[in-house]
Amino acid sequence: MSGDAATLWPRVAEGLRRDLGVRTFDHWLKPVRFADYCALSGVVTLETVSRFSANWINERFGDRLELAWRQQLPAVRSVMVRGGAAADDRAASLAAAPLPNFDTPAPAVPAANPALLGFDPRQSFDRFVVARSNILAANAARRMAMVEAPQFNPLYLCSGTGQGKTHLLQAIAQDYAAAHPTANIILMSAEKFMLEFVGAMRGGDMMAFKARLRAADLLLLDDLQFVIGKNSTQEELLHTIDDLMTAGKRLVVTADRPPAMLDGVEARLLSRLSGGLVADIEAPEDDLRERIIRQRLAAMPMVDVPDNVVAYLVKHFTRNIRELEGALNKLLAYAALTGTTVDLTLAEDRLAENVRTARPRITIDEIQRAVCAHYRLDKSEMASKRRVRAVARPRQVAMYLAKELTPRSYPEIGRRFGGRDHSTVIHAVRTVEALRVADSELDAEIAAIRRALNS
């Protein structure tokens, strides 16, 4: 049976090469060779050149390998990749073994579930760690994927970058596809929607573009903020949403802020997006960050990471999950490639720069709150039209700090201060810059507000 399974590896490899892309496949999976298949346990064993590569492939592509093998051989239960010393005994035979012929198309084999192709099996609900900060979004996402029609539609997920929005989109798509094998599921970024829309207009192919989107049973749009200011794209997106909602189809949208804060988005579109459920994902708390690290490490039992290193990661990478996982990956990769033991000294040395860049960014809302707290004002005064000095000067200070401490442009800052023109913000910034030189009291007040924001 092992010999028969060996003949399937070229087909499996070709499918992986097509799904993952040539660059990713060639870098990680091209050196992999078939080793054994146990019909009794249903375990496929593959081999690669080093333990590090094997661990990385098992972590990153384990589920994808299992899915690809099951499409060729349904009896497969799991796939294990081994490397280093485990593969040394077979090095000579592996070196002589021919690579799969990627120039000759593999025989067509029907997928076990075509609706699941193109999604990342690692980004499932089972692997999404739930805590207080994301429980509403996680539960709402599960409801959206159920067979029964959800009580809310559309579902709007909002959070800062790296908090799990895209993970939930992938999980919804996969659970919905499992329950509806013939469903038409479209998952795309809002930027891709815009590019395809523009391309269809220029190519005179709008009817095909409209038909494809309106045929979706489930449409998932990621990073809606990228259509801000694109009026024609927003108009088409509005019509698409209306048609899908009228037909009883499901819609899930993500963005980095709530609908009401999407400046530059048409009011009708904001109304549609707010008409279902808006679920925030808050910054991950300490417990969630630790559980995510523990989950990652549980999948790599060969890696020993002390508790004080876990605590170090939890303490310093608080802004989002992506940075936390990136820091862990960097640390483990360095240790594996250099043969170094993972300890606190190594973490502090190798992650110092990551810690500096991972400090939480200050938002305009936080600046407004800090300024109002210092001057004993109501936050609504930041957007009011009142021009009395007791209100106007703190407002100018807040605009100045917004430009100094955030990456927002003058027009964006103006919109957050009651829809003021960008020239008003420029005037405020220049005024405060001049006053800081001439007025030591104001300079001290601004320094105190900055300390409060950084504390």
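1. Ile-135 lies in helix α7 (residues 135–145); helices here are DSSP runs of H or I with at least four residues, strands are runs of E with at least two, and both are numbered from the N terminus. The model is predicted, so local features need pLDDT of at least 70 and side-chain atom pairs count only at pLDDT 80 or more, while totals for chains, interfaces and linings use all residues. Residues are numbered from 1 along each chain as its sequence is written, and side-chain values use heavy atoms, without hydrogens and water.

2. Ile-135 is partly exposed, with a relative accessible area of 40% (buried is under 20%, exposed over 50%, partly exposed in between, with a 1.4 Å probe and protein chains only).

3. In helix α12 (residues 267–274), the buried residues include Leu-269, Leu-270 and Leu-273. These three cover an arc of only 100 degrees around the axis, which puts them on the same side of α12; the arc is that of the directions from the helix axis to the C-beta atoms.

4. The buried residues of α12 pack against β4 (155–158), α11 (231–246), β7 (250–255) and β8 (277–280), where contact means heavy atoms within 4.5 Å.

5. Strand β4 has Leu-155 and Leu-157 pointing one way and Tyr-156 and Cys-158 the other, and all are buried. In a regular strand the side chains alternate between the two faces of the sheet.

6. Strand β4 runs parallel to β7, joined by four bridges; strands pair if DSSP finds at least two bridges between them. Tyr-156 has Val-253 as its bridge partner in β7. Four bridges also join β4 to β8, again parallel, and Leu-157 stands opposite Ala-279 in β8.
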